[in-house]
Amino acid sequence: MAQIKKLKVGVVGVGYIGELHARIFSEIPTADLVAVADLNRERAKKIGERFQCDYYFNPSELFARGDIEAVSICVPDKYHTEPAIAAAKAGKHILLEKPIARTVKDAEKIKKTAEDNNVRLMIAHILRFDPRYVELHDRIQGGDLGEIIHIKAKRQNPKLMQDRLKGRTSMLYYIGVHDIDIVLWYTQSEIKEVYAKKVSRMYDEDCVFVLFSFKNGAVGNLELSWSLPENYPTKLWSGVEVVGTKGAGCIDVYDQGLKLSTDKFYFPDTMHWPEYNGQIFGDLRDELMHFVDATVNNKEFLMPTEDAIKAIEFIEACLKSIEKGTPIKLK
C-alpha cells in the first residue's frame, strides 16, 4: 500500500479558531501538526501539550523550522500582514484566515511576497466549502437562474459578540467579509458603486447596511448587525437571496435543524466544525483538507487570492461611504 504524503504544518495564533485548525491538522491523515505558536505563553503551552506537538512563544521560531512546509495563520485580522509576510519569506505555504488584511495595500503586499518567494497562498473563506452556498453557486454558474437581477445577503448576531470584541475590529471585516465574498463569487462581476450607512447607539457599530451595484447591471444589498438581544434564540441568522431572469435561490441559516432547550435555547453547529465520535468534521475540516491536498499536489485553490482582495476593496469603499455619507464609486 502506497504511503500517504503528509504535509508538515504549523499553526500561528491558537485562539478559538487557531485551536480548531491545530486540532483538525492533528486529526486528518494527510497532515502532520509539527508545532504551534502564540504570544500568549500559557495558551501556546496548553495547545502544544494537548496535541503533542512543539510550541513557541514567537512565530519567528516556528518559521525558522526547516521541517515545517506550511503554516496556518489565525491571529486577529489587524495583525495578519507581518506574520504572513514573514512566513512567505521563510518559504512556507500559507493558509491565512479571512480577511486577507485590513487594507488593499497590505493585501497586495502579502500576495506579492508570496509570489516572489514561490509559496502558495490561500485565504480561508469557509463559506466556499459550505454545501448550501456551493450548491447555489453552482446553480447560478450553470445558468439555472439566468442573469442575476438582484442579490441580498444578511448576517446578524447577538450583541454578546460585540461585547467580546470590544471594538477591536469592524463587523465588515469580522462577519461581513463572508457575505461580501459570496455576492462577488455569485455574480462574477465587479462592484461599480456602494452606499453604506451605520447606526451607533449601543456600540460604534450596531449595524451596517449597504446598497451596491455591479458593472453587469445587477444590484444588491447587505445587512450586518450584532445587536440582537442576548437571549435571542440563535447565535447566528444569516443567508442570501438571489433573483435572476429565469429563477431564484435562497439560503436561510437560522438554525440547522437541531434545537435543544433547557434554561435557554441552543442551536448546536452541525455544519462548520461539529464534533462527532471524537473528531471535528464539517466545512472547516473540508477547507483545511483542500488546502493540504492542493498544496501537496500543486492544484489550484478553490479560493483565489484576487477574490479575497476584491472583498477588501468593497469594505474600504463601505468605510469611506460611511465616513463621507455619500455613495462611493469603485475604480
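In which sense do strand β4 and strand β5 pair, and over how many bridges? Strand β4 (residues 70-73) and strand β5 (residues 93-97) pair in the parallel sense over four bridges. Strands pair here if DSSP finds at least two bridges between them; helices (H or I, at least four residues) and strands (E, at least two) are DSSP runs, numbered from the N terminus.

This is a predicted model in which local features need pLDDT of at least 70 and side-chain atom pairs count only at pLDDT 80 or more, while totals for chains, interfaces and linings use all residues. Residues are numbered from 1 along each chain as its sequence is written, and side-chain values use heavy atoms, with hydrogens and water left out.

**Sheet**
- Six strands form an open sheet in the order β3-β2-β1-β4-β5-β6, with parallel pairing.
- The edges are held by β3 (54-56) and β6 (121-124), each with a single partner strand, so one side of each has no neighbour in the sheet.

**Cis peptide bond**
- The peptide bond from K98 to P99 is cis, with omega near -15 degrees.
- P99 is placed in the loop between β5 and α5 (104-116).

**Positive phi values**
- K166, although not a glycine, has a positive phi of about 55 degrees, and K166 lies in the loop between α7 (160-165) and α8 (171-187).
- K166 counts as exposed at 67% relative accessibility (buried is under 20% relative accessible area, exposed over 50%, partly exposed in between; 1.4 Å probe, protein chains only).
- Q188, a residue other than glycine, has a positive phi near 50 degrees, and its place is in the loop between α8 and β8 (191-199).
- Q188 is exposed, with a relative accessible area of 51%.
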